[in-house]
Amino acid sequence: MTEWHERFWEKVDQSGDCWVWTAATDKDGYGIFQLEGKAQKAHRVIFLVLNGKLPPKEKKSCHSCDNPPCVNPEHLWLGSTKDNIHDALSKRRLFHQKGDHPKKLAAAIAAYKAGKNTIGEIVERFGVSSSTLNVHTKEIPRRSLKVVITDKQVREIRAAATRGEAHKVIADRYDIYISTVGKICRREVRSNVK
Ligand SMILES: [Zn+2]
C-alpha cells in the first residue's frame, strides 16, 4: 500500500456523519493534503483514495452537507463549475427517490443486526455503501463479536494490500480492525496460509 493513504486517513475523524478533516485547511475551510509535494484539496484526494484517480480538473468536488472540511464520499458529488446548488438538490432528490434503496438499506441493517455476515458481504449483497451502512448502524451493537476470516480471505486481504488498497478500506470490507489487517499482511498472524 502507498505510504500516503495511511497519512491521509490519520487526518480524518470518522466519528460523525461528516468525516471531518483534522489537519490544515485553506481560508475557505477545505482540507489541504500534501501529495507528492503539491497541496491538494482533501475532498478531491478522497476520490483518488477510493477510485485511484483525482477528479478531472474541470469538475468540482461539491458538498451536499455544506461542510467544507468533510471528506465523506457519501456527501460529495462532482459537478462542473456551472452547476449550482439547485442541481445538487435535484440530484439528491433523484437519488433518494430510487424506491428500492430504503428497502435495501432496511434489509442490510437487519443483516448487520443478525451478525452472520461481514460488512463486506452485506455491502455486496444489498448494494449499499459501507459508509451509508455505518451511518445507520453505528449505534447498533452487533450480535456476533467474532468474525472468522477464512484462508481464502487471508489471501485476498494480502493481495489487496499488495495492490495498494488502504488498510482502512480492507478492514471495512472484512469487518475487522485495521491493526488486524496489518498483522495479517506482516504474517504476524495466519502465517500458515501461503
Ligand atoms: Zn459531510
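Student: How many helices and strands are in the protein?

Tutor: There are 9 helices and 6 strands. Helices (H or I, at least four residues) and strands (E, at least two) are DSSP runs, numbered from the N terminus. This is a predicted model, where local features need pLDDT of at least 70, side-chain atom pairs count only at pLDDT 80 or more, and totals for chains, interfaces and linings use all residues. Residues are numbered from 1 along each chain as its sequence is written.

Student: And what percentage of the residues count as buried?

Tutor: Of the 194 residues, 21% count as buried. A residue is buried if 20 or more other C-beta atoms lie within 10 Å of its own, exposed if 12 or fewer, and partly exposed in between, with C-beta atoms placed from the backbone.

Student: Which residues make up the largest nonpolar core?

Tutor: That core has 12 residues: Phe8, Val12, Trp19, Trp21, Phe33, Ala42, Val45, Ile46, Val49, Cys70, Val71 and Ala166. Helix H2 (residues 42–51) gives the most to this core, with 4 residues. A nonpolar core here is a set of buried Ala, Val, Leu, Ile, Met, Phe, Trp, Tyr and Cys residues joined through C-beta atoms within 7 Å. There's also a second, separate core of 8 residues, including Ala108, Tyr112, Ile122 and Val123.

Student: Let's look at His43. Buried or exposed?

Tutor: His43 is buried, because 26 other C-beta atoms lie within 10 Å. His43 is placed in helix H2. Apart from neighbours within four places in sequence, its contacts are Tyr30, Gly31, Ser61, Cys70, Val71 and Leu76.

Student: New topic: strands. How do E3 and E4 run?

Tutor: Strand E3 (residues 32–35) and strand E4 (residues 38–41) run antiparallel, joined by 4 bridges. Strands pair if DSSP finds at least two bridges between them. Leu35 stands opposite Lys38 in E4. The hairpin of E3 and E4 has 2 residues between the strands, and Glu36 there takes a positive phi near 45°.

Student: Where else does a residue other than glycine have a positive phi?

Tutor: Arg190 is one of them, with phi near 55°. Arg187 also has a positive phi, about 60°, and isn't a glycine. Most residues other than glycine have a negative phi.

Student: Where is Arg187 found, and is it buried or exposed?

Tutor: Arg187 sits in the segment after helix H9 (178–185). Arg187 is exposed, because it has 12 other C-beta atoms within 10 Å. Arg190 is in the segment after H9 too, and with 16 such atoms within 10 Å Arg190 is partly exposed.

Student: Which residues are buried in helix H5?

Tutor: In H5 (residues 119–126), they are Ile119, Ile122, Val123 and Phe126. Seen down the axis of H5, these buried residues fall within an arc of 100°, so they line one face of the helix. The arc is that of the directions from the helix axis to the C-beta atoms. Gly127 follows H5 and has a positive phi, near 65°.

Student: Last one: at what angle do H7 and H9 pack?

Tutor: Helix H7 (residues 151–162) and H9 pack at about 90°, with their axes 9 Å apart. Axes are lines fitted to C-alpha atoms, for helices over the stretch in contact, and angles run from 0 to 180 degrees between N-to-C directions. H7 and H9 are therefore roughly perpendicular. Angles under 35 degrees count as roughly parallel, over 145 as roughly antiparallel, 65 to 115 as roughly perpendicular and the rest as oblique. Val154, Ile157, Arg158 and Ala161 in H7 meet Val181, Ile184 and Cys185 in H9.

Student: And what about H8 and H9?

Tutor: Helix H8 (residues 167–174) and H9 pack at about 105°, with axes 8 Å apart. That pair is therefore roughly perpendicular as well. His167, Lys168, Ile170 and Ala171 of H8 make the contact with Ile178, Val181 and Gly182 of H9.

Key. Two residues are in contact if their C-beta atoms, placed from the backbone, lie within 7 Å.
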